[in-house]
Amino acid sequence: MLVGAIEASLAAEESLGAKIKKVFEATPTPTPARKHRKHSAKKSTPSPSPTASPKRKKTSPTPSPSPTPETKRKRKKGSPTPSPSASPSATATPEETPSPSPTETPQPSATPSVTAQPTPEKKGAPNVTVSPNEIAGYETYPPKVRQIIEAGLELTKQNLGYAYGSADPVNRGMDCSGFIYYVLRQNGFSDVPRDSSQQYVWVRKTGNFNAVLSRNADTFELEALKPGDLLFWSGTYKIDRDPPITHTMIYLGREKGTKKRIMIGASDGRTYDGKQRFGVSVFDFKLPPPPNSNEAKLSPVFVGYGRIPGLSEE
């Protein structure tokens with residue numbers, strides 16, 4: 001009985017000891033296992049470091065394609081602009097169409113603006129024109145003479161200035177010989193010279209010229225003067241030419257009211273009714289006074305007059 005009790009107590013002790021061992025063994029084992037698992041998990045997290053290499057691979061390809069898409073995008077942006085530009089092009093065309101229209105308007109306007117320059121040259125009174133009915137005996141003038149005079153009177157209505165070197169009213173001004181040249185050529189005299197000196201020679205060669213030496217308006221030398229005749233002066237400005245003719249105009253006749261002689265042409269200061277006019281106008285025809293020997297100024301001299309070569313008297 002005692003042996004059995006002793007064995008039973010030993011067995012109980014062994015079982016208790018085993019339980020205690022199991023308790024101590026069970027508790028430490030899981031903790032390190034968990035710790036190892038945690039370390040393994042932690043180690044597994046850095047293990048993606050090798051995965052960084054694939055990330056690097058991703059980054060490495062990205063730079064190479066990145067410029068290409070950017071360029072492609074730029075090219076695509078360039079390409080879409082032309083494609084929608086088809087629609088803007090339609091809009092651009094209306095923009096181009098108005099652009100010529102304003103350019104057309106300035107071009108004509110540009111010329112008048114330049115032509116406004118002769119107007120300041122008109123330092124005196126405005127240009128003068130007369131009606132053919134205001135000229136004494138105008139109805140008896142030969143048809144060709146009336147045609148020439150009426151063509152000249154039309155120019156006096158255009159407010160043309162005096163423009164040296166011009167023979168065309170488009171320039172908004174003319175000089176004296178340019179006026180004669182334009183009017184005669186418009187009326188069929190294609191052989192008329194351009195400058196006053198050669199126009200004088202042109203008249204002299206036909207033998208229809210009358211020289212005037214007198215300074216008196218009632219001189220007999222003017223008795224043969226007829227409407228439509230060309231009038232010539234020298235000394236109106238300094239120039240070296242031969243013959244020294246510097247000014248020319250067309251004789252109109254006498255005004256009905258004043259009975260004074262009048263002429264038509266372009267001048268830079270001759271007078272009508274005692275007032276200076278600058279441009280294409282009607283002027284008083286007067287013989288210049290004799291020069292004053294004490295003055296060094298220019299002294300205009302009336303040389304004479306003559307019929308237009310080829311002018312019909314019928």
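Helix 9 and helix 10 cross in a right-handed manner, a crossing being right-handed if the near helix is turned clockwise from the far one by less than a right angle, and left-handed if anticlockwise. Helices (H or I, at least four residues) and strands (E, at least two) are DSSP runs, numbered from the N terminus. The model is a predicted one, in which local features need pLDDT of at least 70 and side-chain atom pairs count only at pLDDT 80 or more, whereas totals for chains, interfaces and linings use all residues. Residues are numbered from 1 along each chain as its sequence is written, and side-chain values use heavy atoms, with hydrogens and water left out.

The axes of helix 9 and helix 10 come within 9 Å and cross at roughly 125°; axes are lines fitted to C-alpha atoms, for helices over the stretch in contact, and angles run from 0 to 180 degrees between N-to-C directions. The two helices are therefore oblique to each other, given that angles under 35 degrees count as roughly parallel, over 145 as roughly antiparallel, 65 to 115 as roughly perpendicular and the rest as oblique. At this crossing, Ile148, Ala151, Gly152 and Leu155 of helix 9 meet Phe179, Tyr182, Val183 and Leu184 of helix 10. Phe179, Val183 and Leu184 are among the buried residues of helix 10, where buried means under 20% relative accessible area, exposed over 50%, and partly exposed in between (1.4 Å probe, protein chains only). Just after helix 10, glycine 188 has a positive phi of about 95°.

Strand 4 and strand 5 run antiparallel and are joined by five bridges. Phenylalanine 232 has threonine 248 in strand 5 as its bridge partner.

The largest nonpolar core contains 37 residues, and Ile148, Phe179, Leu184, Leu230, Leu252, Val282 and Ile308 have the most contacts inside it. Such a core is a set of buried Ala, Val, Leu, Ile, Met, Phe, Trp, Tyr and Cys residues joined through side-chain atoms within 4.5 Å. Among the elements that give two or more residues to this core are helix 9 (143-156), helix 10 (176-186) and strand 5 (245-254). Helix 9 provides its largest share, five residues. Apart from this core lies another, of 13 residues, including Leu225 and Phe302.

Leucine 252 lies in strand 5 and is buried, with a relative accessible area of 0%. Neighbours within four places in sequence aside, the contacts of leucine 252 (heavy atoms within 4.5 Å) include Ile149, Leu153, Ile262 and Val282. Valine 282, with the same exclusion, is in contact with residues including Val128, Leu153, Leu252 and Tyr272.

Technical notes
Two strands pair if DSSP finds at least two bridges between them.
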